[in-house]
Amino acid sequence: MIIIKAILKINPNAEVFIKGDDINTCEINWIKGTPISKEDIKAMIPTVEQEEVDSKQAAIDKKTSG
């Protein structure tokens with residue numbers, strides 16, 4: 001799932017099917033959009049992971065302040 005999120009962060013209009021969970025070994029089938037290199041996807045993964053952490057923390061903070 002993180003791979004798809006990273007791809008969509010780079011190209012929100014991309015349509016892909018991914019077989020596998022590891023960016024190094026997964027198979028990416030591009031349905032729509034220009035293929036993105038695995039190196040570019042790898043570079044985007046930390047950003048997506050941080051956004052998920054921030055989102056979860058924001059939800060916790062909202063519950064705490066409510």
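Visitor: Which residues have the most contacts inside the largest nonpolar core?

Guide: This is a predicted model, in which local features need pLDDT of at least 70, side-chain atom pairs count only at pLDDT 80 or more, and totals for chains, interfaces and linings use all residues. Residues are numbered from 1 along each chain as its sequence is written, and side-chain values use heavy atoms, with hydrogens and water left out. A nonpolar core is a set of buried Ala, Val, Leu, Ile, Met, Phe, Trp, Tyr and Cys residues joined through side-chain atoms within 4.5 Å, where buried means under 20% relative accessible area, exposed over 50%, and partly exposed in between, with a 1.4 Å probe and protein chains only. The largest such core has 13 residues, and those with the most contacts inside it are I3, I7, I18, I23, C26, I28 and I41.

Visitor: Which elements give two or more residues to this core?

Guide: Helices (H or I, at least four residues) and strands (E, at least two) are DSSP runs, numbered from the N terminus. The elements that give two or more residues to the core are α1 (2–10), β1 (15–19) and α2 (38–65).

Visitor: Which residues are in contact with I28, leaving aside its neighbours within four places in sequence?

Guide: Contact means heavy atoms within 4.5 Å. Once those sequence neighbours are set aside, the partners of I28 are I7, V16, F17, I18, I23, K38 and I41.

Visitor: Which residue in β2 does F17 stand opposite?

Guide: Two strands pair if DSSP finds at least two bridges between them, and β1 pairs with β2 (residues 27–32) in the antiparallel sense over five bridges. Within β2, the residue opposite F17 is N29.

Visitor: What pattern does the protein follow along the sequence?

Guide: The protein has two helices and two strands. Read along the sequence, their pattern is α-β-β-α.

Visitor: What is the radius of gyration of the protein?

Guide: The radius of gyration is taken over C-alpha atoms, and the globule rule is 2.2 Å times the number of residues to the power 0.38. A compact globule of 66 residues would come near 11 Å, whereas the protein has 14 Å.

Visitor: How far apart in space are D40 and A59?

Guide: D40 lies in helix α2 and counts as partly exposed because its relative accessibility is 45%. D40 and A59 are 19 residues apart in sequence, and their C-alpha to C-alpha distance is 29 Å.
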